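Subject: Structure handover

Hello,

Here is the structure you asked for. Please open it first, then read the notes below it.

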Amino acid sequence: MASPSGTTLPRVSISSTNRDGRPGGAPPRTGPPRTLVRERRKETLLAWAFLAPSLIVFALFLLYPLGRTVYLSMHGNDIIGRPTRFVGFDHFSELLTADFGKVLVTTLLFTLLVVVPGVLGALAVVLLLESGIRGQRFFRSAFALPFAFSVASASVIFAVFYNPASGVLNGILYELGLGQVKWLNSTDWSLISVSLTTVWMNLGYGVLVLAAGVGSIPREVNEAALLDGATGGRRAWHITVPLLGPQLFFLAVISTINALQSFGQIHILTQGGPVGSTTTLVYSIYEYAFAYGTSDFGRASAQALVLLLMVLGCTALQFGVIERKVHYS
Amino acid sequence: MMGTPRIMRRTRTRTALVAGAAALCLSITACGGDSEGGGSLSAPGPEALEDLDSTVQVEFWHSMDSTNGQVLNGLIDEFNAEHEGRIKVTGSFQGDYDTTLAQHRAAIQQGNTANIVQIYDLGTQFMIDSGQTVPAQSFVDKDGYDTGPIEDALLNYFTVDGELRSFPFNNSTPLMYINKDAFEEAGLDPEQPPKDLAGIREYAEALTVRGANGQVERYGFGAAVYGWFIEQFMARAAVPYCDSGNGREGRATEVLFDDPNVVELVEWWQGMIDDELAAPLGRGTDDAQAAFTAGRAAMTLESTGAMGGFLEQSGFEVGAGYFPLIHADDPAGSIIGGASLWINGAGHSDAETRASWEFVQFLLTPAAQSKWHAGTGYLSVNTEGYNGPEASERAAEYPQFSVAADQLANSETNINTAGCMMGVMSEARVAAEEAWEAALVTDTTAADALSAGTDKVSRKIEEYNASVG
């Protein structure tokens, strides 16, 4: 983005593209002097030269794979995974089944179960921290700690907690004389358990982002609110939360994308089960492409394109609907 | 001020990145060309290693990590020391069995396979169909190698169309493990573990302990919902797992795990959980192992490979017995699991292929197998390995280790105990597991769930068979 040395150069390129790309916008009345034309061409060339490295990287790592995915999605594989025959849109029409519908529903449900509690949880923690409790710094670091855990290690730890026979969660329930919960082994609980793990893992990042946001709220605003007699919950609800709008929005978008991408915790905790109750789209792609000795890259690619649309759709929706209500100071 | 646009930009980039990453991971493995390279698929004789200019490098891809990996590396070092200046084997851990298979598949595409690759039992048909390896039989015939001491059950599994296709290496068979202390506490004879489903239920009734508040403190039984066990139960009941003579008389077209025997097994399992005699465990074998070693389940089913861990981690005396039968009068065969070694011929020189075979021969010697068995708990592929110093020492210390060998020795080798051979065996195992689990955790009946599972597999088989022509 804004690199210090690039302050003048992007301006050159922006101005030239603006002039080229604006057909009706104030064209020069008479032909411009030749030197100017040459200057302009030079500028354009320079702009492309500066853009080239990122364009190449972009093409190599985004456009090519995307094109390849489209290509693969329309081909059937041999047993080694090489595309061998053109099948058109068969892989897509095959997706119109109840099974795949269930995968989509699971994906959306998982996303909701992760994003809503995740963002609200982080907000609650930050508001509590802001209420001026003792040891604020300690708690802020403590709550940010999950951010430092890798998905794999956090999942393994939760797997131990959830163990049906020797897990600590059921141990606590047992001591309390409550019934045992089949955390990962029942279709009612598995998705909730995996979401819970994910919420915990995301909490640290959420707290970091929101705490930074709270820190940047101008002191005058808070002082003014205090003078007006707003304290505690009122101040939090009417001052802090609205001013955290950009951070909350950012967090919602990022955690939605993260949730749609989640793989590690599902793989380690449930492997998509029981009975497909935690098979999200990403997990389904993995199952088709790599798991259990398979290499059905065609069907996996078709699903990858569905995922692409889903991520685009969710993000567009968030920008289109929610962002309008965000107040940027 | 700066914050807003940056957030938006980053988010959009992220969106694109997600899509790109998803696409990338799919395409990387599929971008290689189909270079076949030279290399012969028949075994070269010892002359291939004469007049060498330099040390022959042998690359060995495997799935052995932690303890098993250390023992394997020890054997590799020993071999390299013996063949200093002639052959150098480099072992390389690739990840679990599925990952190794995926890596190997990518390597075939890119024309750079390892010399030796360790592939699990379920990948056998795929390895045959991909046509990259020198059949084990070819080495055996060329050298007049004596397979007599190799465990019959293993030869039976890895022999397809009358030819030994790969060399069994790290193999195991499942057993029933019991908590001997719990048996004594319940007044049961720990030397006589139950032999069939009815027996397990009867014993579990005695072994299950409830706390003051009526909740179960110790279940009589608890094992993972593991597809391999279904294969085992079927073999012991002399039922083939797939048609066409377990896929060995022609290509299989359907799996048969909706057999009444399996329905009965799943219903029994369901009843055990409903009546709180069995711990409600899922597909994870780690969970089941933890339940057993923590004393929460008094009987469990697990591979011989788990014995070392059980003996180490349990705070009670561990007993081992034969894997149970569905009915007491079942013929009691036994099939194996684990992986075998494949020598890639395509794309490799005769010298490399011959050197690979020398290394495999070394691994199959009684001396190496004695160390391997004692160090890992896998079966000794070479039955003479059980008499080696390491194996004898271990057997003296833990008599439980001999149960697996006895179970195999007492097992008939026939088409049912050879196990099913087909290209989608790995998916079949998962489908069986999912059907079994669906019967346990949803309202679906065992019969419906299992028959839906077999239908699903049939479609995959059809596709696989069509793609290999």
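Helices are DSSP runs of H or I with at least four residues, strands are runs of E with at least two, and both are numbered from the N terminus.

On the α2(A) side, the contact uses A:Thr69, A:Val70, A:Leu72 and A:Ser73. From α14(A) come A:Phe297, A:Gly298, A:Ser301, A:Ala302, A:Ala304 and A:Leu305. Two residues are in contact if their C-beta atoms, placed from the backbone, lie within 7 Å. By type, six of these residues are nonpolar, four are polar and none is charged. Nonpolar means Ala, Val, Leu, Ile, Met, Phe, Trp, Tyr, Cys and Pro; charged means Asp, Glu, Lys and Arg; the others, Gly among them, are polar.

The model is predicted: local features need pLDDT of at least 70, side-chain atom pairs count only at pLDDT 80 or more, and totals for chains, interfaces and linings use all residues. Residues are numbered from 1 along each chain as its sequence is written, and chains are lettered from A and ligands numbered from 1 in the order in which they are written.

Chain A as a whole has 14 helices and two strands. Of its 329 residues, 36% count as buried, that is, with 20 or more other C-beta atoms within 10 Å of their own; exposed means 12 or fewer, and partly exposed is in between.

Next, the contact between the chains. Chain B puts in 58 residues and chain A 54. On the chain B side, α1(B) gives the most, with 17 residues. That side divides into 27 nonpolar, 18 polar and 13 charged residues.

Which residues of chain B does A:Tyr292 touch? They are B:Asp98, B:Ser426, B:Glu427 and B:Val430, leaving out residues up to four places away in sequence. A:Tyr292 lies in the loop between α13 (281-289) and α14 of chain A. It is partly exposed, because 18 other C-beta atoms lie within 10 Å.

Regards
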